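Please look through the structure shown here before reading on. The paragraphs after it lead from one pair of residues to the contact between chains.

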Amino acid sequence: MMKVVRGFYSVAYSVKQCKPDVICAYPITPQTEIVERLADMYANGELGNCEYITAESEFGAASILVGASATGARSFTATSSQGLILMSEVLLSAAGMRLPIVLVNANRSLSAPLSIWNDQQDSIFMRDACIMQLYIENNQEVHDVMPIAFKVAENRRVMLPFMVCMDGYKLTHAYEPVDLLDEQMVDKFLPPYDAPVKLSVDKPLTFGCYAPPPYYTEFRVAMQNAIMGAGDIMLKEFKKWYKITGRDWGGHVVAENPDAEVAVITMGSLTGLVRDVVSEMQKEGKNVGVVKLRTFRPFPVEDIKKALKNANKIIVFERAVSFGHEGPVAIEIKSANYESGADVYSFAVGLGGRDIPRDLIREIIDKVIEGKVEPGFQFEGVKPFEEVIP
Amino acid sequence: MLKIGLGGVSEPYLSLKFKTGDWGTHFPSVDNEKCKGCRDCEISCPEACIEVKKLNKKKFEVTFDFDFCKGCGICAYVCREDAIEMIVKEAYKV
């Protein structure tokens, strides 16, 4: 059923069709309306046996979900920015306890200075948490990805949290036509969660027990194996989803013009604009191509190598900064594509919700093609400024 | 081969199975002749491992559960008859 809905509703409706057992969240801009829509559904009795819990903070919300997930409940939350950071302590434990919590992160910049607008610093910060991260381009994609997220997270060989990252405002507040999922179809794709271990009153268990030096490493190796193996499982589920719905969102990496000598890598909602600019440049005969990076963790090294095998100049549009080094996506691209020796140009754009004009993207790509910039990291669209003592 | 539980899940160590009596450096020793049966030690023990039994009108017997006594010395401190003495374990003598 095609409907024009906002990003919030797109997520909420898809989550409803996944039949979660426990939803627990704390409101934070720009995520709030996702859980508000779910709360509406709960109040209207549309969520079946689901428990909707309002927590006193994101830390509380994540903690409640850890407990819920340990009892074998399918659990969901949505958060953003400072909320994700407040959740981080619990989420790191959830990953270690191998609890398949699914969360949607509405990407927003981090404090300080306080900003409620969009960039990807918050989820990038959670890079090393052993939580799968998938970046979303549009609201139909996020609608389609939710059942896949639950299925991959709950796979017995994975059992890890899954974070779906969608750009705050740019997607969450945007109205887009979305083909809403059919209940029977989702039921067929996503069976109820059958937890391998269940915490109950009759069977007390310790989750994430104390591991002294002789055993700790083995637990971490098991986590690494699980998240590395999750890549293939995700690909299989993407393909299954394509067969069912006819909508192909591609694999971990979508190389739209694999022969291009200049590859432009983007993540999230910026891809649409870049694609537009690049196709305009292709019409002018320029050998440029878009590479859309969907999965950030586990990092798809082989897919990146394949997508960039013809590229000798790689442009990365960063929506976050690894302070003290460079753009976080460029770091990963460089390490994955080390053998090719291609030059990597990384540009931080649109931090804290600053607009990314079409002309700026065009200008950057032109600059790189003409060889006017050195490879490396730089900020783009920066005003001249001076730091003063107030 | 080493077996690790998924997510570090394990059955909790019940305190009955997990003895903690070897943690302390001291252990209490009682002179039952001095005991007047006030039971201060029994109610003050944080590990509930002291039992005061009444043998007859004047005689009491104090027993310690050394599986769980950590030698904190509260019983010796509260005893108004100075019937309990804390003794250093052999291993901790310098």
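**From a sheet to the chain contact**

A:Val22 has A:Glu51, in E3(A), as its bridge partner. This is a predicted model, in which local features need pLDDT of at least 70 and side-chain atom pairs count only at pLDDT 80 or more, while totals for chains, interfaces and linings use all residues. Residues are numbered from 1 along each chain as its sequence is written, and chains are lettered from A and ligands numbered from 1 in the order in which they are written.

Strand E2 (residues 22-25) of chain A and E3(A) pair in the parallel sense over four bridges. Strands here are DSSP runs of E with at least two residues, helices are runs of H or I with at least four, and both are numbered from the N terminus; two strands pair if DSSP finds at least two bridges between them. Strands of a sheet pair through backbone hydrogen bonds, either parallel or antiparallel.

E2 and E3 belong to an open sheet of seven strands in chain A, with mixed pairing and the order E3-E2-E4-E5-E7-E6-E12. Its edge strands, E3 (51-54) and E12 (295-297) of chain A, each pair on one side only. On average, neighbouring strands of this sheet are turned by 20° against each other, direction ignored.

Helix H3 (residues 58-70) of chain A lies across E2, E3 and strand E4 (75-79), and runs at about 165° to E4(A). Such angles run from 0 to 180 degrees between N-to-C directions, with axes fitted to C-alpha atoms, for helices over the stretch in contact.

Two other helices pack together: H1 (residues 7-17) and H6 (residues 139-153) of chain A, at an angle of about 20° and with their axes 8 Å apart. H1(A) and H6(A) are therefore roughly parallel (angles under 35 degrees). Among the residues that make the contact are A:Val11 of H1(A) and A:Met146 of H6(A); residues are in contact if their C-beta atoms, placed from the backbone, lie within 7 Å.

Chain A is divided into domain 1 (2-245) and domain 2 (253-379), with bounds from an automatic or database domain assignment. The contact between them takes 27 residues from domain 1 and 20 residues from domain 2. H8(A) supplies the largest share of the domain 1 side, five residues.

Which helix gives the most to the side of chain A that touches chain B? H8(A) does, with four residues. In this contact, 18 residues of chain A meet nine residues of chain B.

How values were computed
Parallel < 35°, antiparallel > 145°, perpendicular 65-115°, else oblique. Contact = placed C-beta atoms within 7 Å.
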